[in-house]
Amino acid sequence: MLSMIMNNTIVINVIMFLPAFVLTELQMIQQSSGTNTLIETAIANGGVGAVMFTVWWLTFKSMQRQFQFALKQNQEQFEKALTQVEKQHKENLEQNLRTVNWLMDMIKKENEYKEILTGVLTEMKNALTFHINQHGE
């Protein structure tokens, strides 16, 4: 941001002092002989055009360098963020896999306990039925 302000300051300074430069050139033309004023005016205007083109070119190149630098920084940050996201995604997948495996083990154990409990209850029912049948109702 600061470099953009500095570049704009350079352009503003040139634009502010450009009229003074043109006036100085025109005064020099008026002081010289009147025979070649058209050529001298063209030279002065060409000088102003060259200065403006040079300022524009330097500004353009500076902005281009800043853009390339910012683009490079953004690409590096994107790659770091992508690497971090991939790492975190991998860790989350591993954690999810551990959680799913733990849940599957718990479900298997629960089914085993239910089978055991069903067997015990069936034996108790059979024993009670047998005892009721033996001793009558």
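Let's begin with a term: a residue is buried under 20% relative accessible area, exposed over 50% and partly exposed in between, using a 1.4 Å probe and protein chains only. By that scale Lys-114 is partly exposed, with a relative accessible area of 44%. The model is predicted, so local features need pLDDT of at least 70 and side-chain atom pairs count only at pLDDT 80 or more, while totals for chains, interfaces and linings use all residues. Residues are numbered from 1 along each chain as its sequence is written, and side-chain values use heavy atoms, leaving out hydrogens and water.

**Overall build**
- The protein chain has two helices and zero strands; both kinds of element are DSSP runs numbered from the N terminus, with helices (H or I) needing at least four residues and strands (E) at least two.
- Of the chain's 137 residues, 6% count as buried.

**Salt bridge**
- Searching the whole structure turns up one salt bridge, meaning a side-chain nitrogen of Lys or Arg within 4 Å of a carboxyl oxygen of Asp or Glu.
- Its partners are the side chains of Lys-114 and Glu-110, at 3.3 Å from N to O.
- Both residues lie in helix H2, four residues apart, which is about one turn of the helix.
- Like Lys-114, Glu-110 is partly exposed, with a relative accessible area of 40%.

**Aromatic rings**
- There are five aromatic pairs in the structure; rings of Phe, Tyr and Trp (its six-membered ring) pair if their centres lie within 6.5 Å, and planes under 30 degrees apart count as stacked, over 60 as edge-to-face and the rest as tilted.
- One of them joins Phe-53 and Trp-56, whose ring centres are 5.8 Å apart with planes at 35 degrees, so this pair is tilted.
- Phe-53 and Trp-56 sit three residues apart in helix H2, about one turn of the helix.
- Trp-56 also pairs with Trp-57 in a tilted arrangement, 6.1 Å centre to centre and 50 degrees between the planes.
- Trp-56 is partly exposed at 47% relative accessible area, and Trp-57 is partly exposed at 37%.
- Ring pairs link Phe-53, Trp-56, Trp-57 and Phe-60 into a cluster.

**Nonpolar surface patch**
- Tyr-113, Ile-116, Leu-117, Val-120, Leu-121 and Met-124 form a nonpolar patch on the surface, with about 630 Å² of accessible area together.
- Patches are made of residues with over 30% relative accessible area and no salt bridge; like charges are joined within 9 Å, and nonpolar side chains (Val, Leu, Ile, Met, Phe, Trp, Tyr) within 5 Å.
- Met-124 is found in helix H2, residues 37–135, and is partly exposed, with a relative accessible area of 47%.

Definitions and conventions: Areas by Shrake-Rupley, 256 points an atom, 1.4 Å probe, with all protein chains shown as cover.
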